[in-house]
Amino acid sequence: NVAIDFAGGEVMILQDLLDSYLREFKKYERNHNVKFTYRLTTNGTVPSEIIRYIENGTFLPSKVVISYDGKDSDRSYLNTDNLKLLTKYTDELEFHIALSDKSIPNLYATMKELSDMGFRNIEYYYLYKNDNYENDDIVASFSKNLDMIMRSYKDLGIDMYNFNYAK
């Protein structure tokens, strides 16, 4: 078995290329003793296409990761209407929240929004080379948000990973 992760930039805006690769991998499977499994990392720009790939069996919902900049990010391509389209897969899709100076103050609100829609697999990740992580205001905001998350963890009903507490 060979696992392939389609990630980087935004994979879903190059659907023709993605489909071409998938066809080639299928041909290879037929002619060789190999089985491919796929994982998709996307920012959720085109949820209808994510759903199409899930429903045609190309990607298992548990192998779809949505990178989300947060509820109030000016870079967030995934809006509430798009999120609602994905709620059929709330127990399986995985959300990764990028921690930045814009997303940290809204970390709890973002997790609550996802939780209120039924999504359960949420994690956050640090951005490479972000000097703001050492900023006292950002650290205080991160600590405050983590405290709110911890105090309402059971109510949120989420499975959360990378749960690090900053002081």
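This is a predicted model: local features need pLDDT of at least 70, side-chain atom pairs count only at pLDDT 80 or more; totals for chains, interfaces and linings use all residues.
Colleague: Why is Asn145 called buried?

Modeller: Buried means under 20% relative accessible area. Asn145 has 2% relative accessibility, so Asn145 counts as buried. This residue lies in helix 5, residues 136–151.

Colleague: Which residues is Asn145 in contact with, leaving aside its neighbours within four places in sequence?

Modeller: They are Ile104, Pro105, Asn106, Leu107 and Tyr108.

Colleague: Which residues of helix 1 are buried, and what puts them on the same side of the helix?

Modeller: In helix 1, Gln15, Leu18, Leu22 and Glu29 are buried. They cover an arc of only 60° around the axis, and therefore lie on the same side of helix 1. Their cover includes strand 1 (2–6), strand 2 (36–42) and helix 2 (47–55). Asp16, Arg23 and Asn31 are exposed, on the face turned away from the buried side.

Colleague: How do you know that strand 2 and strand 3 pair?

Modeller: Pairing requires at least two bridges between the strands. Strand 2 and strand 3 are joined by 3 bridges and run parallel. Thr42 stands opposite Ile66 in strand 3. With helix 2, these strands make a right-handed β-α-β unit.

Colleague: What makes strand 3 and strand 4 a pair?

Modeller: The requirement is at least two bridges, and 4 bridges link strand 3 to strand 4 (residues 94–99) in the parallel sense. Here Ile66 has Phe95 of strand 4 as its bridge partner.

Key
Residues are numbered from 1 along each chain as its sequence is written. Side-chain values use heavy atoms; hydrogens and water are left out. Buried means under 20% relative accessible area, exposed over 50%, partly exposed in between (1.4 Å probe, protein chains only). Helices (H or I, at least four residues) and strands (E, at least two) are DSSP runs, numbered from the N terminus. The arc is that of the directions from the helix axis to the C-beta atoms. Contact means heavy atoms within 4.5 Å. A crossover is right-handed if, with the strands pointing away from the viewer, the path from the first strand over the helix to the second runs clockwise.
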